[in-house]
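Good morning, and thank you for coming.

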Amino acid sequence: MFAHLGTADPASIADMKLVKQTMIDPNPRATFQVASHPSEAFRSDLIAMSKLAKELGVKLHVHLLENIAQREDKAFHVLKEANALGPDLLGAHGIHLTDQEINILAEHDVRILHNPLSDMRLASGVIRLPELKQAGVQVGLGIDGGTNDTSDMFNDMRAALGLQRAISLQAGIFPRVADVLRMATVDGAKLLDMFDRIGSLTPGKKADLIIINPGNVNFAPSFDWVNQIVFNGQPVNVEWVFVDGQSLKRKGELVDVDPETIMEAAQKAATRIRRDLLPCK
Ligand SMILES: [Zn+2]
């Protein structure tokens, strides 16, 4: 999934079309989204990107009220102006929403991407999951790039569950244990309109699956596998990973990947970025 941030500048639009055409479309495992920012300050960019997403037949991806300060952006006003409110709008975070805005999301079937690890890490706030559920808004679970720190979906599920329990003081609040497992799998595929291809183990769909070793010590003692996967699961328990039937991890080892080479390249890139960003001494 590649979300390309663009502007109203024709050169930016041409770049995006080129990237989609040359790098994403030829790869059956890749999908493209158009990204923008829903703020009055970026009004013309948002309008252009909403139009482009429709033209390309892809989702429009925005960061929606991630921070309390973004209440100043008049996000809903400008999204309406850009004709962007609809099932092809993906709102990442969606934290500081009013009741009225939640109803607007539900009315237009706008989809919300919940990134609990990032929301904690960046001191963004706690999403109103029970209210979104009540209104009928589709919410999936994401990791929000680097700001989740671990790219660990087990942790992500626990955080989604734990945050709501912690602020409501109710163990029975939405989401329950099975709900977060669903949010991490089925619901994500549904809100991306990809449920006909992925999101469940169903004949005819792509074989996207992980195989977890239930014999690991962190699962003992075991009684209820939905509970154990959500509360006790760790990336190290994932022995096999298949994407579209192709194994990317086999018996605990990554396939065709040399971790040392990747770590070396990451260290090199991070050192260069740090050097460029940090003020000279
Ligand atoms: Zn984000």
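Predicted model: local features only at pLDDT ≥ 70, side-chain atom pairs only at ≥ 80, totals over all residues.

**A walk through the model**

Let me start at T185, which is found in the loop between α8 (177-184) and α9 (186-191).

Residues are numbered from 1 along each chain as its sequence is written, and side-chain values use heavy atoms, with hydrogens and water left out.

Now the overall picture. The protein has eleven helices and ten strands. Its radius of gyration is 20 Å, close to the 19 Å that the globule rule gives for 281 residues, so the protein is as compact as a globular protein of that length. The radius is taken over C-alpha atoms, and the rule is 2.2 Å times the number of residues to the power 0.38. Along the principal axes, the C-alpha atoms fill a box of roughly 55 × 55 × 45 Å.

Of the 281 residues, 37% are buried. As for contacts, meaning heavy atoms within 4.5 Å, we consider those between residues at least 6 apart in sequence: 68% of them join residues at least 24 apart. The accessible surface comes to about 15800 Å², and carbon and sulfur atoms account for 57% of that area. The areas come from the Shrake-Rupley method with a 1.4 Å probe, and for residues only the protein chains shown count as cover.

Two buried helical residues deserve attention. The first topic is M157, in helix α7, which spans 153-168. With a relative accessible area of 4%, M157 is buried. Which residues does M157 contact, leaving aside its neighbours within four places in sequence? They are L141, V180, L181, A184, I229 and V230. M157 and A30 are 127 residues apart in sequence, and their C-alpha atoms are 24 Å apart in space.

V78 belongs to helix α3, which covers 75-81. Its relative accessible area is 0%, so V78 is buried. Beyond the neighbours within four places in sequence, V78 is in contact with P38, S39, E40, R43 and L46. By contrast, the C-alpha atoms of V78 and N27, which are 51 residues apart along the chain, are separated by 34 Å.

I turn to the aromatic side chains. A pair of aromatic rings is described by the distance of the centres and the angle of the planes. The structure holds three aromatic pairs. Rings of Phe, Tyr and Trp (its six-membered ring) pair if their centres lie within 6.5 Å; planes under 30 degrees apart count as stacked, over 60 as edge-to-face and the rest as tilted. One of the pairs is F219 with W225, edge-to-face at 5.2 Å centre to centre and 70° between the planes. F219 is buried at 2% relative accessible area, while W225 is partly exposed at 35%. Why is the pair of W240 and F242 described as stacked? The ring centres lie 5.7 Å apart and the planes are at 5°, so this pair is stacked. W240, at 24% relative accessibility, is partly exposed.

Finally, the backbone. Most residues other than glycine have a negative phi, and most peptide bonds are trans. In this model a cis peptide bond joins F174 and P175, with omega about 5°; P175 sits in the loop between α7 and α8. The bond from A220 to P221 is also cis, with omega near -5°, and P221 is in the loop between β7 (209-212) and α10 (225-232).

N83, which is not a glycine, has a positive phi of about 60°. N83 lies in the loop between α3 and β4 (89-93) and is exposed, at 53% relative accessible area. D256, likewise not a glycine, has a positive phi of about 55°. D256 lies in the loop between β10 (253-254) and α11 (259-277), and its relative accessible area of 79% makes it exposed.

Key:
Helix = DSSP H or I, 4+ residues; strand = E, 2+ residues; numbered from the N terminus. Buried < 20%, exposed > 50% of the residue type's maximum accessible area, 1.4 Å probe, protein only.
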